[in-house]
Amino acid sequence: MKRSIRTATMIFVPLTMLSCHGDSGLVSFVPEFVNDVSTNANIVFSRFVTGGLFDIFVVAESGVGLVNLTNHPASEGNPRWSPDGNLIAFQSTRTGATNIFTMTPTGGDVRNVTQMDRPVGDFDWSPDSKKIVFQGETVFGVDIYTVDLTTLAKANLTKGEGINLYPRYSPDGKMIAFVSQREGKYGLFLMTADGSNVLCLADITGFDATFTLQWSPDSKKLLYNFDTNGFRDIFTVSIDRRDAQNLTNHPADDVGGDWSPDGRYIVFQSNRSGTDAIYRMDADGKNVQKISSGLNDTYAQYSPSGTSVLFLTARRGAYEIWVVSPGGFDERLVTPTQISDRTPRWKPKRSGL
């Protein structure tokens, strides 16, 4: 069974732009060196650099304005814009154990906000940009914490109950979804943002490293990946547990998944045509449409405006960032570097872009 990539990478190189239609016809080539962060930079990502490490970069969707924000002798990845667009959080080993750091979109004011002695894993921003929720290793397991970015005060929300992973704030900020191993099984759980009222939504024992957990824009459903009969599918479940669906239910690996800003569509990755490509379907799983050319395409995400879908692909040898129209096949290469890019994310719309 074919597995998909879920990591991160970076470097500072001459920038080019390719425009493609259909498979990948070369239309334009515009080399450009950029030394300052563009105000139009709306994609943050990590890139493989010299020494086997990663740095954090930003670039505009048009392909211009590529800048290395970190350029540090440590491995740094998994960057995420704050919802207000004023900060970028990322994981770094610059103080030893992996912690979460924040910086401005120009790479300034870097600070360690988690300050943990043991490694910190996946994380998410609160919708008001005032807190970060994260998974942190303990002596006995992994707990879910929040950190207040004003005081740097931390709160342990799970308090040693199980192995807890993938915390995700609901868009309304009232709840946190997460994965937890309890009583020998992994489940998809929900709790209020202060750690109370814990509820198990679904049994996901057997989930793998390609797991995705995404809230619907209205905070009423969760999208996740699960293995059924040897193939991975995309599921949704409502927070009241009354509406659980296997949206893909196909003899292929369907993974990832991201909602359109209006909640009407979902983009995802599938190898149902023989190679990994990006597909779009209605939020109820109907009207599945292939929208990318398809050769090691992964990590699909809707832009905040809903007019573009970002994805990673290794069709030219190394993973690079591309964008495509949600209608399909109007593709454009954003980072033509052949160096290996990872974990790209859009700048939120509310920040003015």
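**Close-up views of a predicted model**

**Figure 1. The side chains of Asn68 and Asp55 are joined by a polar contact of 3.1 Å.** Such a contact is a pair of N or O atoms within 3.5 Å, where within protein one must be able to donate a hydrogen and the other to accept it, and residues adjacent in sequence count only if both atoms are side-chain atoms. The model is predicted: local features need pLDDT of at least 70, side-chain atom pairs count only at pLDDT 80 or more, and totals for chains, interfaces and linings use all residues. Residues are numbered from 1 along each chain as its sequence is written, and side-chain values use heavy atoms, with hydrogens and water left out. Asn68 belongs to strand β4, residues 67–68; strands are DSSP E runs of at least two residues and helices are H or I runs of at least four, numbered from the N terminus. A polar atom of the Asn68 side chain also lies 3.0 Å from the backbone nitrogen of Thr70. Asn68 counts as buried because its relative accessibility is 17%, the cut-offs being under 20% relative accessible area for buried, over 50% for exposed and partly exposed in between, with a 1.4 Å probe and protein chains only.

Figure 2. The relative accessible area of Met103 is 0%, so Met103 is buried. Not counting residues up to four places away in sequence, Met103 touches Ile56, Leu69, Thr70, Asn86, Leu87, Ile88, Phe90, Gly108, Asp109 and Val110; a contact has heavy atoms within 4.5 Å. One of these residues, Asn86, is 17 residues from Met103 along the chain, and their C-alpha atoms are 8.7 Å apart.

**Figure 3. Strand β26, residues 309–313, is largely enclosed by the rest of the structure, because five of its five residues are buried.** Val309, Phe311 and Thr313 point one way from β26, while Leu310 and Leu312 point the other way. Gln301 has Leu310 of β26 as its bridge partner. The hairpin of β25 and β26 has six residues between its strands, and in its turn Gly306 has a positive phi of about 80°. Strand β27 (residues 320–324) pairs with β26 in the antiparallel sense over five bridges. Here Phe311 has Trp322 of β27 as its bridge partner. Six residues also separate the strands in the hairpin of β26 and β27, where Gly317 takes a positive phi near 120°.

**Figure 4. Strands β21, β22, β23 and β24, in the order β21-β22-β23-β24, make up an open sheet with antiparallel pairing.** The edges are β21 (254–259) and β24 (289–290), each of which has a single partner strand, so one side of each is left without a neighbour in the sheet. β23 (residues 277–282) and β24 run antiparallel and are joined by two bridges. Across this pair, Tyr279 stands opposite Lys290 of β24.

**Figure 5. The largest pocket holds about 1700 Å³ of space.** Of the 50 residues lining this pocket, Arg80, Asp124, Gln214, Gln301 and Arg345 are the closest to its centre. A pocket, on a 1 Å grid over the protein atoms alone, is an open set of points with protein on both sides within 12 Å along at least five of seven lines; a cavity is a set where a 1.4 Å probe fits but cannot get out, and lining residues have an atom within 4 Å of a point. Points are joined across faces, edges and corners, and a volume is the space filled by probe spheres set on them. The strands that each supply at least two lining residues are β5 (76–81), β6 (88–92), β9 (120–125), β13 (163–169), β17 (213–215), β21, β25 (297–302) and β29 (341–346). With five residues, β5 gives the most.

**Figure 6. The largest cavity has a volume of about 30 Å³.** One cavity of 30 Å³ or more is counted. Its lining consists of Gly206, Phe207, Asp208, Thr210, Phe211, Asn225, Phe226, Asp227 and Arg232. Strand β18 (residues 221–228) contributes the largest share of that lining, three residues.

**Figure 7. The protein chain as a whole has zero helices and 29 strands.** Of its 353 residues, 56% count as buried. Among contacts between residues at least 6 apart in sequence, 40% join residues at least 24 apart.

How values were computed: Pairing = 2+ DSSP bridges.
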